[in-house]
Amino acid sequence: MSVLHTILFYFFSALAVASALVMITRRNVAHAGIFLVTTLLATGGIFLLLQAEFAFALQIFLFAGGAVVLFVLASSLARLEVTRRLPGSQRGRLAAAALGLVLAAQIGFAIVVGHTSLRLPAMQSARAPKNTEAVGDALLRQFIVPFEIASVLLLVSMIGAVVLARRRA
Amino acid sequence: MNDNPPANDQATEPLAHGTPPDSVGPELPPQMDQECGIPPVNEKFLHPRLRVLQPMANTVKLLIQPVQWPADGTNRIMVSIAPWCALTIALLAYLIVPIGPAFQTTDLNVGLLFVLGISSLGIYSVVLENWASNQKDFLGAALRSATHFLSYESASALALVSALLLTGSLSMNEIVQAQLDQGQWFLFYVPVGFAIFFVASIALTNRTAIVMPGSDAEIIDRGEKAPLHFRWALDSLADYAKISVAAGVATTVFLGGWLRPLASYRDRFPGTPVQLLDAVPGALVGAIAIYCFRSAQKQQEQSRKRVMIWACTIWGSVALVLLATLFAPEAVMSGVHGAFWFVVKVSAYVYACLWVRITFPEYRSDPSTNLGWRILVPMAVVNLIATALAIMCTQYTGLPMRLTTILAAVATLAAAIWLSIISPVEPLSRTAGGQ
Amino acid sequence: MLSIEHYLILSLVLFVIGVAGLMLRRNVLVMLMSIELMLNAVNINLVAFSRLHGSADGQVFSVFIVVVAAAEAVVAVAITLPFLRNRGTVNADDLDLLKW
């Protein structure tokens with residue numbers, strides 16, 4: 001059973017990393033959006049492996065089915081640039097690569113130093129308290145104030161988006 | 001055979017029944033055959049006894065049609081992938097719909113949310129295919145389609161949530177179990193929610209049969225030179241599969257899933273372990289078989305007589321199975337009968353959807369989105385609040401649930417009437433189209 | 001066989017790819033997508049830790065991150081749309097109205 005988990009983990013993570021790499025190198029913005037969808041779906045698979053079903057459902061519903069739809073539809077209004085190579089100077093690219101490596105080294109160092117060899121607990125049985133119930137319980141009891149503030153945030157962002165994108169008559 | 005396709009067959013026998021060029025979809029254009037060089041399947045050349053295979057022959061011809069791309073600059077990869085995406089999305093959602101008590105592929109904790117999320121990915125296939133086909137008006141049509149889809153998705157999700165208030169769980173199996181425990185389909189507790197979901201599901205799968213000139217569907221259909229090929233078949237199939245998914249979700253949440261009507265009425269035949277109402281399916285199907293037999297005797301033509309006898313055999317065997325499983329172990333009986341009731345309900349829902357589709361022409365996109373955002377979404381929100389208040393009322397005052405939910409429904413309908421007065425929806429205009 | 005480090009390293013790799021995308025690409029919409037990718041990577045991290053400690057707090061936080069990401073995507077696209085209408089381009093190098 002854990003062999004299956006390992007295989008699935010490597011499959012989903014390979015898919016996610018490959019899609020992410022392809023996504024940032026596409027010239028066509030809509031193609032980049034589509035590869036972002038595949039990355040998010042692969043990440044959803046990782047959430048399912050961690051038995052976080054609510055996070056998986058939210059990922060597909062909100063991220064892949066909401067935010068990226070927004071990007072793809074917005075990119076239909078943008079004039080798609082067709083350039084031969086990725087824009088940006090050589091020096092800029094070297095700087096970006098160096099910065100990325102430094103960041104990776106820092107976080108990797110933190111992971112290695114904090115190595116605890118803690119195994120993830122075994123998969124929960126189906127009769128355990130369900131994931132959605134636990135998350136919903138925590139959301140509406142402990143985290144009720146952030147929950148309400150998040151709804152206010154959504155309202156404000158909706159109003160702001162409508163105001164900002166309005167045509168000035 | 002050309003009637004409403006049985007909903008469950010969409011997944012098992014897709015291409016034979018799912019893309020009927022005869023009854024519900026567009027007709028074969030006469031000049032198509034000269035363009036592709038494959039000889040037509042002419043009825044006169046088939047032996048009369050084989051004529052019943054005509055739709056299958058058409059389907060095979062559809063599959064072996066040489067590939068044609070819509071325009072010159074089409075992105076072939078995207079245009080080919082998009083119908084597969086649509087089909088995958090529609091079929092994935094059937095993973096969690098419970099067809100019987102133990103007859104479910106997987107029971108996700110968040111089943112309903114999963115189905116809604118997967119359906120919301122359906123926008124991509126529409127937008128991708130039309131955008132990648134590099135034709136003049138298609139991008140606008142695709143965006144309008146996407147907007148239309150989004151506006152009805154919120155309404156349908158809110159309508160489903162108002163039924164979820166009566167259970168504590170998003171898992172589809174638990175929803176059906178709650179309907180069994182409460183002894184009543186949720187249709188009778190939230191009728192307005194069901195109506196909103198029905199309207200939203202018709203609008204979400206929005207290829208109508210009567211296409212007004214200049215509308216989006218006509219633009220999209222006109223652009224293809226020889227539109228009947230495998231990609232079109234996949235698109236068509238995905239279309240019908242989406243209706244099927246909406247029917248499956250509506251059946252599970254509102255119509256009681258695999259429960260028989262009056263599921264908590266458990267009187268038995270005296271002396272046997274057979275419940276009274278469980279004999280109804282067998283008796284009903286047996287009555288249909290007897291009707292087929294008698295109608296076979298009245299037919300004049302030999303071929304029609306043969307068809308009716310064949311139909312009688314099929315119905316008769318189904319009736320025998322239903323009656324025989326009454327005496328089988330509990331698991332087998334509940335599985336078979338559950339599947340039967342599920343198929344009946346899904347078929348009824350699909351029939352109603354197709355009926356509405358065939359009757360009405362297509363709305364122009366702005367009255368349609370007006371209906372979605374300005375009427376259905378507020379109505380669904382009011383319905384949600386009213387149902388929550390009704391449940392609280394029942395818990396605190398002890399009034400029967402039916403009374404309080406009827407009051408909630410009346411309140412929602414009053415809100416709907418007020419909304420439609422303040423934001424009128426124009427019906428079809430003469431120049432329905434992508435203006 | 002899977003330990004927490006597997007998930008952490010996956011999250012790290014996705015985060016670094018997102019950072020690289022943010023720095024390398026000049027198209028505003030692709031930069032926004034890279035930001036979404038980074039938020040996604042953080043989500044993996046949070047959910048992995050929540051599973052490790054057996055509490056729901058990490059998943060609750062990831063819910064909030066998804067909500068905030070969606071809201072921010074909406075506002076960012078709403079900001080770029082007038083630019084599109086007026087300037088006709090979404091290259092970040094061309095958005096230089098505030099430069100001296």
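By class, 13 nonpolar, 4 polar and 2 charged residues make up the lining of the largest cavity. (Nonpolar here takes in Ala, Val, Leu, Ile, Met, Phe, Trp, Tyr, Cys and Pro, charged covers Asp, Glu, Lys and Arg, and the others, Gly among them, go down as polar.) This is a predicted model, where local features need pLDDT of at least 70 and side-chain atom pairs count only at pLDDT 80 or more, while totals for chains, interfaces and linings use all residues. Residues are numbered from 1 along each chain as its sequence is written, chains are lettered from A in the order in which they are written, and side-chain values use heavy atoms, with hydrogens and water left out.

**View 1. The largest cavity, with its lining in chain B.** The space shown has a volume of about 270 Å³. Of its 19 lining residues, B:Ser119, B:Leu204, B:Lys242, B:Val245 and B:Ala246 sit closest to the centre. Helices H5 (76-92), H6 (111-120), H8 (138-164), H11 (191-204) and H13 (230-253) of chain B each put at least two residues into the lining; helices are DSSP runs (H or I, at least four residues), numbered from the N terminus. The count comes to 5 cavities of 30 Å³ or more. A cavity is a set of points, on a 1 Å grid over the protein atoms alone, where a 1.4 Å probe fits but cannot get out, and lining residues have an atom within 4 Å of a point. Points are joined across faces, edges and corners, and the volume is the space filled by probe spheres set on them.

**View 2. Where chain A meets chain B.** Here 24 residues of chain A touch 23 residues of chain B, contact being heavy atoms within 4.5 Å. About 2000 Å² is buried between the two chains, with 78% of that from carbon and sulfur atoms; buried area is the accessible area (1.4 Å probe) lost on putting two parts together, summed over both. On the chain A side, A:Phe61, A:Leu73 and A:Ser76 lose the most area to chain B, together 26% of what that side buries. Helices H2 (29-49), H3 (53-75) and H5 (131-141) of chain A each supply at least two residues of this side, and H3(A) gives the most, with 13 residues. Sorted by class, the chain A side has 16 nonpolar, 6 polar and 2 charged residues.

**View 3. Where chain C meets chain A.** This contact takes 62 residues from chain C and 82 residues from chain A. The buried area is about 6400 Å², and carbon and sulfur atoms give 78% of it. In chain C, the residues that lose the most area to chain A are C:Arg25, C:Met33 and C:Arg51, together 12% of what that side buries. Helices H1 (4-24), H2 (28-53) and H3 (57-87) of chain C give two or more residues each to this side, with H3(C) giving the most at 21 residues. The class tally for the chain C side is 45 nonpolar, 11 polar and 6 charged residues.

**View 4. A salt bridge inside chain A.** The side chains of A:Asp137 and A:Arg141 meet at 3.4 Å, N to O. A salt bridge needs a side-chain nitrogen of Lys or Arg within 4 Å of a carboxyl oxygen of Asp or Glu. Both residues lie in helix H5 of chain A, 4 residues apart, about one turn of the helix. A search of the whole structure finds 1 salt bridge over all chains.

Key: 1 Å grid on protein atoms, 1.4 Å probe; cavity = no way out; pocket = protein on both sides within 12 Å on 5 of 7 lines; lining within 4 Å.
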